[in-house]
Amino acid sequence: MGGRLRTRLTPYALILPGGLWLLLFFVVPMVAMLSLSLQEGDVVSGYQLTFRWQTYVDGFTNYQEQIVRSLWYGLVTTVLQIVIAFPIAYWIAFRGGRRKSMYLFLLLLPFFVSFVLRTISWKFILTDEGLLLAPLKDLGLLPQEFHVLGTAPAVILGLTYNFLPFMVLPIYVALERVDPRVVEAARDLYASPVQVFRRVIFPLSLPGVFAGVLMTFVPASSDYVNSELLGSSNTFMIGQVIQRQYLSNQNYPTASALSFTLMGILLIGIFIYARVLGTEDVLKVAAR
Amino acid sequence: MRRRLADRVLFVYTWLIIIWLCLPIGVMILFGFNDTQGRFNQTWQGFTLKWYGRLFDIPDLTNALWRSVVIATLTMIIAGALGTLIGVALGRYRFRGHGSMNFIMFAAISSPELVMGASLLSLFVSAGAGLGVATILIAHVMFSISFVAVVVRARVITLDRNIEEAARDLGAGPWTTFRLVTLPMIFPAVIAGGLLAFALSIDDFVITNFTSGTTTTFPLWIWGVTRVGIPPQVNIMGTLIFAFGILIAIANSIAARRRLR
């Protein structure tokens with residue numbers, strides 16, 4: 001009897017330390033952030049919980065432009081990534097042969113370099129007198145006043161670059177699961193290659209595409225590194241606002257309210273995803 | 001014939017994207033060899049190895065790098081241990097709360113880093129905790145646990161339960177069974193998970209930015225000097241971390257292949 005009880009308690013004992021860590025430093029902070037967003041006061045005299053929801057209204061009205069821009073950049077980035085990633089994932093899954101893991105490894109190479117350093121490297125490449133533009137300008141292919149840095153395309157390029165592997169991997173995982181016999185069956189039934197793709201392969205890849213959308217849209221629309229390094233005041237994103245409000249202005253209530261608003265917007269997406277498609281696909285990709 | 005052509009186009013396309021992905025890395029490595037005069041290391045001035053000799057000439061940078069390495073090592077150990085336990089629990093047992101645990105991990109993996117960093121800072125501010133190495137470590141362990149857990153879980157699921165039962169039948173207690181039978185079988189995954197935690201920690205910028213206060217790590221130091229100019233030492237350290245990471249990854253995959261044989 002005692003032995004059986006012990007066996008039943010074993011999993012709880014195993015998840016206790018890690019679960020507690022996640023509870024204390026992942027779940028509780030969210031509550032702390034919500035609470036802080038409803039407080040009034042300042043760093044010097046302290047804060048008081050007054051349930052001032054107006055902070056949310058103000059935050060949303062003052063930074064509507066940045067919120068909309070961030071979601072827009074996130075959307076453009078995600079669509080670009082699907083277009084870029086799908087053919088690669090397809091080719092590796094179906095034609096990669098014995099070199100599959102080598103190609104995946106090559107696609108993951110950027111992750112061996114710090115995120116900030118990668119983005120700074122792009123800044124190097126794209127700057128006005130830099131490696132890319134200077135030769136083109138010298139050859140007269142581009143006008144002297146042409147520049148990329150500081151524009152929306154530069155920021156979107158950075159975002160697309162930095163999160164692309166998060167799109168390739170889940171699509172690849174989904175495509176690799178496609179049973180070749182299903183494809184063969186479709187061919188035997190006289191489906192044209194286009195039909196095979198549209199009616200068999202593409203629908204089966206959708207779970208991967210959705211996982212990829214989740215894993216790229218969330219970090220892209222909440223990013224502040226790319227816009228800070230590659231953009232200008234015209235590309236200001238909500239992540240930059242939140243970072244400054246927290247770290248430079250120490251305006252914690254406004255910062256928390258904005259951060260919670262962003263979380264709320266993204267969380268709706270995350271929640272719908274988990275409800276409809278489950279958590280397995282994302283966890284599997286993370287395990288790679 | 002048409003399919004052949006399509007395959008070839010896709011092959012070229014894949015390689016072009018790989019080159020695009022590697023382009024900034026190449027630039028980073030190259031400019032570690034640049035014979036630049038001032039701190040603005042942006043135009044090519046000729047090849048030199050001198051920066052490799054002066055790698056540790058900037059004390060703040062060196063300190064930041066070592067701090068990053070120490071934090072990453074501690075993260076690897078703590079998150080490695082805690083994540084492994086969760087991974088074993090989720091892979092082996094069915095229990096009430098199984099789904100909630102999976103969901104919390106899923107949420108921790110897919111939540112925006114910005115929000116995780118911001119919420120941790122909110123907690124630390126509310127609790128009046130001072131920011132520094134300890135708070136960075138807390139944050140890094142927090143976001144690494146789930147990754148270790150899913151890696152270990154994936155391995156545990158594939159294990160043959162009969163082996164452990166055989167150990168039990170031969171009189172081994174639960175702890176002995178775990179130590180002598182289960183752990184050796186899942187050890188590759190534990191190592192892989194730990195290395196993943198190390199890599200996530202040493203590269204992390206966003207969450208560290210929020211939880212560090214005035215303490216700097218390697219990525220934070222770089223961020224701080226972007227406006228003044230990045231010294232070539234940064235490129236070299238980036239190159240070394242890159243090379244080290246690749247070596248470990250290759251060694252890991254060779255070891256995995258050996259085990260399969």
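**View 1. Order of the elements in chain B of the predicted model.** From the N terminus on, the elements of chain B run α-α-α-α-α-α-α-α-α-α-α. The secondary structure of this chain comes to 11 helices and 0 strands, where helices (H or I, at least four residues) and strands (E, at least two) are DSSP runs numbered from the N terminus. The model is predicted, so that local features need pLDDT of at least 70 and side-chain atom pairs count only at pLDDT 80 or more, while totals for chains, interfaces and linings use all residues. Residues are numbered from 1 along each chain as its sequence is written, and chains are lettered from A and ligands numbered from 1 in the order in which they are written. Along the principal axes, the C-alpha atoms of chain B fill a box of roughly 70 × 70 × 35 Å. Of the 261 residues in chain B, 43% are buried (20 or more other C-beta atoms within 10 Å of the residue's own; exposed means 12 or fewer, partly exposed in between; C-beta atoms are placed from the backbone). Among contacts in chain B with a separation of 6 or more, 80% join residues 24 or more positions apart; a contact requires C-beta atoms, placed from the backbone, within 7 Å.

**View 2. The interface of chains A and B.** In this view, 70 residues of chain A are in contact with 68 residues of chain B. Helix H1 (residues 2-37) of chain A supplies the largest share of the chain A side, 18 residues. That side divides into 55 nonpolar, 12 polar and 3 charged residues (nonpolar: Ala, Val, Leu, Ile, Met, Phe, Trp, Tyr, Cys and Pro; charged: Asp, Glu, Lys and Arg; polar: the others, Gly among them).

**View 3. Packing of H3(A) against H10(A).** Helix H3 (residues 64-95) and helix H10 (residues 193-221) of chain A pack at an angle of about 140°, with their axes 9 Å apart. Axes are lines fitted to C-alpha atoms, for helices over the stretch in contact, and angles run from 0 to 180 degrees between N-to-C directions. H3(A) is therefore oblique to H10(A), since angles under 35 degrees count as roughly parallel, over 145 as roughly antiparallel, 65 to 115 as roughly perpendicular and the rest as oblique. Residues making the contact include Gly74(A) and Thr78(A) of H3(A) and Gly212(A) and Thr216(A) of H10(A). By class, the contact of H3(A) with H10(A) has 8 nonpolar, 8 polar and no charged residues.

**View 4. Packing of H10(A) against H13(A).** H10(A) and helix H13 (residues 252-277) of chain A pack at an angle of about 160°, and their axes are 11 Å apart. This angle makes H10(A) roughly antiparallel to H13(A). Pro207(A), Phe210(A), Leu214(A) and Val218(A) of H10(A) meet Leu266(A), Ile270(A), Tyr273(A) and Leu277(A) of H13(A). The contact of H10(A) with H13(A) comprises 8 nonpolar, no polar and no charged residues.

**View 5. The largest nonpolar core.** Of its 146 residues, Ala89(A), Val168(A), Ile86(B) and Val151(B) touch the most other members. Such a core is a set of buried Ala, Val, Leu, Ile, Met, Phe, Trp, Tyr and Cys residues joined through C-beta atoms within 7 Å. Helix H3 (residues 59-92) of chain B contributes the largest share of this core, 14 residues. Not counting residues up to four places away in sequence, Val168(A) touches Ala85(A), Ile88(A), Ala89(A) and Leu107(A).

View 6. Gln144(A) lies in the loop between helix H6 (133-138) and helix H7 (152-163) of chain A. Gln144(A) is exposed, with 10 other C-beta atoms within 10 Å. The C-alpha atoms of Gln144(A) and Asp128(A), 16 residues apart along the chain, are separated by 8.9 Å.

Conventions. Contact = placed C-beta atoms within 7 Å.
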